Amino acid sequence: QVQLGESGGGLVQAGGSLRLSCAASGTIYRIYTMGWYRQAPGKQRELVATLTSGNTTNYADSVKGRFTISRVNAKNTVDLQMNSLKPEDTAVYSCRAALTRSMWNGREQYWGQGPQVTVSS
């Protein structure tokens with residue numbers, strides 16, 4: 001079994017900062033990509049930022065220059081530092097990991113529960 005444990009989130013005023021953390025645990029052979037997605041009320045889920053095992057990052061245009069995704073201590077943990085938050089960043093943020101559980105298993109994806117991020121104006 002694989003679990004994604006998330007922390008962070010909460011309520012912040014516009015212009016403020018929050019940090020989200022996602023830790024993958026369980027039987028993991030290799031993680032290919034970890035990232036954050038978000039879903040605002042009435043909208044589809046969208047990519048926020050991803051980080052590959054080769055340290056390639058990808059950001060949504062709306063967060064470039066404000067959000068930074070990074071790996072923590074070479075462990076199966078990624079953080080999302082969110083600065084200059086805007087009310088339109090309000091959403092449920094979910095962590096996703098694409099990984100294999102052994103050398104014999106195919107690639108699978110796992111999702112976290114998702115912390116709420118609320119940015120007040």
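The legends below describe close-up views of a predicted model.

The structure is a prediction in which local features require pLDDT of at least 70 and side-chain atom pairs count only at pLDDT 80 or more, while totals for chains, interfaces and linings use all residues. Residues are numbered from 1 along each chain as its sequence is written, and side-chain values use heavy atoms, with hydrogens and water left out.

**View 1. The largest nonpolar core.**
The largest nonpolar core contains 31 residues. Such a core is a set of buried Ala, Val, Leu, Ile, Met, Phe, Trp, Tyr and Cys residues joined through side-chain atoms within 4.5 Å. Buried means under 20% relative accessible area, exposed means over 50%, and partly exposed lies in between (1.4 Å probe, protein chains only). Trp36, Leu80, Met82 and Tyr93 have the most contacts inside the core. Two or more residues each come from strand 1 (2-7), strand 3 (18-26), strand 4 (30-39), strand 5 (46-52), strand 7 (67-71), strand 8 (77-82), strand 9 (91-100) and strand 11 (116-120). Strand 9 contributes the most, with five residues. Strands (E, at least two residues) are DSSP runs, numbered from the N terminus.

**View 2. The surroundings of methionine 82.**
Methionine 82 is among the residues with the most contacts inside the largest nonpolar core. When its neighbours within four places in sequence are set aside, methionine 82 is in contact with Gly16, Ser17, Leu18, Leu20, Arg66, Phe67, Tyr93 and Val117. Contact here means heavy atoms within 4.5 Å.

**View 3. The salt bridge between aspartate 79 and arginine 19.**
The whole structure holds six salt bridges, each defined as a side-chain nitrogen of Lys or Arg within 4 Å of a carboxyl oxygen of Asp or Glu. In one of them, aspartate 79 pairs with arginine 19, and the closest N and O atoms are 3.0 Å apart. Because aspartate 79 belongs to strand 8 and arginine 19 to strand 3, the pair ties together parts that are 60 residues apart in sequence. Aspartate 79 is buried, at 9% relative accessible area, whereas arginine 19 is partly exposed, at 43%.

With 1% relative accessibility, aspartate 89 counts as buried. Through shared partners, salt bridges join Arg38, Glu46, Arg66 and Asp89 into one network.

**View 4. Serine 62 and its polar contact.**
Serine 62 is situated in the loop between strand 6 (57-59) and strand 7. Its relative accessible area of 39% makes it partly exposed. The side chains of serine 62 and arginine 38 are joined by a polar contact of 3.3 Å. A polar contact is a pair of N or O atoms within 3.5 Å; within protein, one must be able to donate a hydrogen and the other to accept it, and residues adjacent in sequence count only if both atoms are side-chain atoms.

Threonine 100 lies in strand 9 and is buried, at 5% relative accessible area. Apart from its neighbours within four places in sequence, threonine 100 is in contact with Ile28, Tyr29, Arg30, Tyr32, Asn105, Gly106 and Arg107. Serine 102 is found in the loop between strand 9 and strand 10 and is buried, at 15%. A polar contact of 2.4 Å connects the side chains of serine 102 and asparagine 105. Tryptophan 104 also lies in the loop between strand 9 and strand 10 (108-111), and at 73% relative accessibility it counts as exposed.

**View 5. Two residues with positive phi.**
Asparagine 55, in the loop between strand 5 and strand 6, has a phi near 70 degrees, a positive value in a residue other than glycine. This asparagine 55 is exposed, at 52% relative accessible area. Serine 84 lies in the loop between strand 8 and strand 9, and its phi is positive as well, near 50 degrees. Serine 84 is partly exposed, at 41%.

Notes:
Helices (H or I, at least four residues) and strands (E, at least two) are DSSP runs, numbered from the N terminus.
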